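Hello,

Here is the structure you were waiting for. Please open it first, then read my notes below.

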Amino acid sequence: MFYRTLKPNTRSFFVKQIQIYKSEKSIINCYTFVFKIVSLLFFLGVNSVFAQNNSGFNIIQANSRAKAITGFVRCATVEYEKKQSEKYSNKPSEKEFESWMSAKVAQVKKSKANGRLAAEVYNIPVVIHIIHNGDDVNSVGNIVGENISDVQAKSQIEVLNQDYRRMLGTPGGINSTGAAVDVGINFYLAKQDVDGLETTGVIRHQITPYTNKVRNGSGGDDWETYEDVQQVKAVTQWDSTQYLNLWVLRLGGKETDEDGLNGVLGYAQFPSNSGLQGIELNGGAASTDGVVISYDAFGTINKNDGSFSLNDVYNQGRTATHEVGHWLGLRHIWGDTDTCENGDYCLDTPNATEEHYDCNTYDTCFNDGLGEDMVQNYMDYTNDSCMDTFTQDQKNRMIAVLKNSPRRVELLSSIRANSPLYSNKDLKDFVVDANPVINKTSIIGFAEGIVKMTLFNSQGKLMFLKESTDDDTIFTQELDFSSLASGVYILLIENEGRKIVKRIIKQ
């Protein structure tokens, strides 16, 4: 990357200047200073900020600058999408996708003009996959690493809802631009897993990274390559038509331009467009659909109970807000180009030629008459505390994706955020459904091996004995009461040393 290719004396100069500015409590000025020096060196031809490596990512200029200035790759979605395009030759181009998108956005605008979208709210079930190497779950006074606490994980869902609903009284409701809108999307932790069983929506997977070619840092094992993360996503993902999958893990390895993930904060899989011979027809894309976030950028320090593990720069949950924006079809506000064009396809975000890192005033396209760069937009690279805006055109894009894009549109009918029919406690003790019973009822619960069911009448007389096995996740056995007289019956259920008694009324 750029910083690493500087001569030692130049690199030392950078470091000394940063230390000086930090000691003066002027981080914003420090970043501005470094950015100017980087730009000057680039202009003089000292080095190229667009690093290329045929075996890995072609890191975009914005991320080369971001790593040099902040120490982090703010967002690797563009690089990820390039990887996807290399793997899937039938993946639609940006031009094809935007042609499809413009028609869908026009439909959304028409519906809004006719009053049909005014009060619509969309609910998305979320599952958080925490990938860890076996360390204890972080707790107050015992912060170990990437196995983040439930409190930290859940704080990220709070931030997503604050930002996408523009909740008043929260950082997401400040609206410093005057252009922020309520996107109308709610995020809920899943209450049902893929089998319909009760879940918290926070799932922990102990998986050792598949590759270890670079010495691990002090935090331990890390995920070094795009390919490894794709693989772990595929083996842990829950149905992407029913859940938004968020993966939280420790990213590391080599630098991004060397096919590594060192310093990457997050990336997302862009939505597919229907009606084209696109990537949605390839099963590989569905199995990796979702968002990847570094463990130390997931959640907000504003909710820290003493168990959080967050970095010092991006720690208010806006990395996930930004990446979910990509997952819903948004592009960076400068369009990943250095020209004053409508690169993000949203007319109400002023044109810009580059990303930003602070809340200072900039107008990189002053000749277009559209006003200052919208540094407060969630799709810029500014610090988390600066961000507070999604615009109406951005909302239109996201709603168009939710209503039309494969896998996204199915989420709108997902019931996985609803409570399951039976709790895990109910199933552990077995459920009798129905009770009272007219003719037939079912015995439902968690069981392993043989389940023995013995029915007695109210006088203790044996009515029948039945033994069954069921290899499914949930044991289910139908019992026929049609030949029995009305009254009260006692069912004894025996399994693996457990004895459970149920009282059943026959009508």
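A helix here is a DSSP run of at least four residues, numbered from the N terminus. That is what a label such as H5 refers to below, and H5 gives the largest share of the lining of the largest pocket, five residues. Please keep in mind that this is a predicted model.

**The largest pocket**

The pocket holds about 460 Å³ of space. Its lining counts 24 residues. Nearest the centre are Val78, Glu81, Lys91, Glu94 and Arg331. Two helices, H5 (77–87) and H6 (94–113), each bring at least two residues to the lining. What classes of residue make up the lining of the largest pocket? Ten are polar, eight are nonpolar and six are charged.

**Disulfides**

How many disulfides does the structure hold? There are two.

One joins Cys340 to Cys365, with 2.0 Å from S to S. The angle about the S-S bond is -95°, and the link is left-handed. This pair connects distant parts of the chain, 25 residues apart. Both Cys340 and Cys365 sit in the loop between helix H10 (318–327) and helix H11 (392–404). Are the two cysteines buried or exposed? Cys340 is partly exposed, because its relative accessible area is 39%, a value between the 20% and 50% cut-offs. Cys365 is buried, at 2%.

The other disulfide is formed by Cys359 and Cys386, with the sulfur atoms 1.8 Å apart. Its torsion about the S-S bond is about 90°, so this link is right-handed. Cys359 and Cys386 also lie in the loop between H10 and H11, so the pair ties together parts that are 27 residues apart in sequence. Cys359 is partly exposed, with a relative accessible area of 39%. Cys386 is buried, with 4%.

Now number the bonded cysteines of the protein chain in sequence order. The pairing then reads 1-3, 2-4.

Two further cysteines are worth a look. Cys75 is buried, with a relative accessible area of 0%. Cys346 is buried too, at 2%. Both count as buried because the cut-off is under 20%.

**Helix H4**

Just after H4 comes Gly71, which takes a positive phi of about 90°.

**Aromatic pairs**

A pair of aromatic rings is described by the distance of the centres and the angle of the planes. Searching the whole structure gives 14 aromatic pairs. One of them is Trp238 with Tyr243. Their ring centres are 5.1 Å apart and their planes stand at 65°, so the pair is edge-to-face. The cut-off for that class is over 60 degrees. Trp238 and Tyr243 are both buried.

Phe481 and Tyr489 form another edge-to-face pair. Here the distance is 6.0 Å centre to centre, with 85° between the planes. Phe481 counts as buried because its relative accessibility is 0%. Tyr489 counts as buried at 5%.

There is also a cluster to find on screen. Ring pairs link Tyr164, Phe187, Tyr378 and Phe390.

Where does Glu146 lie? Its place is in the loop between strand S1 (122–132) and helix H7 (150–164). Is Glu146 buried or exposed? Glu146 counts as buried, because its relative accessibility is 2%. Which residue does the side chain of Glu146 contact? Its partner is the side chain of Arg250, through a polar contact of 3.1 Å.

**Where to look**

For a quick tour, start at the pocket, with Val78 and Arg331 among the residues nearest its centre. Go on to the loop between H10 and H11, where Cys340 and Cys365 are found. Finish with the contact of Glu146 and Arg250.

Best wishes

Definitions and conventions: Residues are numbered from 1 along each chain as its sequence is written. This is a predicted model: local features need pLDDT of at least 70, side-chain atom pairs count only at pLDDT 80 or more; totals for chains, interfaces and linings use all residues. Side-chain values use heavy atoms; hydrogens and water are left out. A disulfide is a pair of cysteine sulfur atoms within 2.5 Å. Buried means under 20% relative accessible area, exposed over 50%, partly exposed in between (1.4 Å probe, protein chains only). On a 1 Å grid over the protein atoms alone, a cavity is a set of points where a 1.4 Å probe fits but cannot get out, and a pocket is an open set with protein on both sides within 12 Å along at least five of seven lines; lining residues have an atom within 4 Å of a point. Grid points are joined across faces, edges and corners, and a volume is the space filled by probe spheres set on the points. Ala, Val, Leu, Ile, Met, Phe, Trp, Tyr, Cys and Pro count as nonpolar, Asp, Glu, Lys and Arg as charged, and the others, Gly among them, as polar. Rings of Phe, Tyr and Trp (its six-membered ring) pair if their centres lie within 6.5 Å; planes under 30 degrees apart count as stacked, over 60 as edge-to-face and the rest as tilted. A polar contact is a pair of N or O atoms within 3.5 Å; within protein, one must be able to donate a hydrogen and the other to accept it, and residues adjacent in sequence count only if both atoms are side-chain atoms.
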